[in-house]
Amino acid sequence: QAHLAESGGGSVQAGGSLRLSCVISGRNPGRTCMAWFREVPGKEREGVAAIDADGNMAYADSVKGRFTISQENAKTTLDLQMNDLTAEDTATYYCATRETCLAPAWAVLKQSGRVAAWGQGTLVTVSA
């Protein structure tokens, strides 16, 4: 099973930027989809950004135009560039992989239950 480790979380003022990174190891070769999810206590974990196995990307409406997902190094690194942050972006962010993935990016975003491996999470706090 893949092992995922996030970094880059922290505290920032509204309007600021952060870049999250996720190092992925032990992934099975083949079609892998990757995504970032976030969770606020008391709310359901939600998809933020996803890349499907063909490289297509999808974003939650709330982050479109502000967040950019990218993968590097033969899919061993997954990044999330977050700009123009608001207090509503405060959450714990998790990277995730889904192997043998035939789903389009928009479906990966919606189907947290199909995730095969999660990182431990990294906290992002945005102050108003």
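Buried means under 20% relative accessible area. Tyrosine 94 has a relative accessible area of 14%, so tyrosine 94 is buried. The legends below describe close-ups of a predicted model.

View 1. The structure holds two aromatic pairs. In one of them, the rings of phenylalanine 37 and tryptophan 118 have centres 5.1 Å apart. Their planes stand at 70°, so this pair is edge-to-face. Phenylalanine 37 belongs to strand β4 and tryptophan 118 to strand β10 (residues 117-118), 81 residues apart. Phenylalanine 37, at 1% relative accessibility, counts as buried. Tryptophan 118 counts as partly exposed, at 31%. In the other pair, tyrosine 94 and tryptophan 118 have ring centres 6.3 Å apart. With planes at 85°, this pair is also edge-to-face. Tyrosine 94 lies in strand β9, 24 residues from tryptophan 118 in strand β10.

**View 2. Arginine 45 sits over the ring of tyrosine 94 and over the ring of tryptophan 118.** Look for the charged end of arginine 45. It is 3.8 Å from the centre of the tyrosine 94 ring. From the centre of the tryptophan 118 ring, the charged end of arginine 45 is 4.4 Å away.

**View 3. Cysteine 22 and cysteine 95 form a disulfide.** Their sulfur atoms are 2.0 Å apart. The torsion about the S-S bond is about 45°, so the disulfide is right-handed. This bond links distant parts of the chain. Cysteine 22 is in strand β3, while cysteine 95 is in strand β9 (residues 91-99), 73 residues apart. Both cysteine 22 and cysteine 95 are buried.

**View 4. Cysteine 33 and cysteine 101 form another disulfide.** Here too the sulfur atoms lie 2.0 Å apart. The torsion about the S-S bond of cysteine 33 and cysteine 101 is about -90°, so this disulfide is left-handed. Cysteine 33 lies in strand β4 (residues 32-39). Cysteine 101 lies in the loop between β9 and α1 (105-110). The pair therefore ties together parts that are 68 residues apart in sequence. Cysteine 33 and cysteine 101 are both buried. The count of disulfides comes to two. Number the bonded cysteines in sequence order, and the pairing reads 1-3, 2-4.

**View 5. Strand β5 pairs with β4 and with β6.** β4 and β5 run antiparallel, paired over five bridges. Tryptophan 36 stands opposite alanine 49 in β5. The two strands form a hairpin with six residues between them. In its turn, glycine 42 has a positive phi of about 90°. β5 and strand β6 (residues 57-59) pair in the antiparallel sense over three bridges. Alanine 49 has tyrosine 59 as its bridge partner in β6. The β5 and β6 hairpin has five residues between its strands, and glycine 55 in the turn has a positive phi of about 90°. Five of the six residues of β5 (residues 46-51) are buried, so this strand is largely enclosed by the rest of the structure.

**View 6. Four strands form an open sheet.** Their order is β1-β3-β8-β7, and the pairing is antiparallel. The edge strands are β1 (3-7) and β7 (67-72), each pairing on one side only. From one strand to the next, the twist averages 15°. β1 and strand β3 (residues 18-25) pair over five bridges. Histidine 3 has serine 25 in β3 as its bridge partner.

Technical notes
Residues numbered from 1 in each chain as written. Predicted model: local features only at pLDDT ≥ 70, side-chain atom pairs only at ≥ 80, totals over all residues. Heavy atoms only, no water. Pairing = 2+ DSSP bridges. Axes fitted to C-alpha atoms, helices over the stretch in contact; angles between N-to-C directions. Disulfide = S-S within 2.5 Å. Buried < 20%, exposed > 50% of the residue type's maximum accessible area, 1.4 Å probe, protein only. Phe/Tyr/Trp six-rings, centres within 6.5 Å; stacked < 30°, edge-to-face > 60°. Lys NZ or Arg CZ within 6 Å of the ring centre and 35° of its normal.
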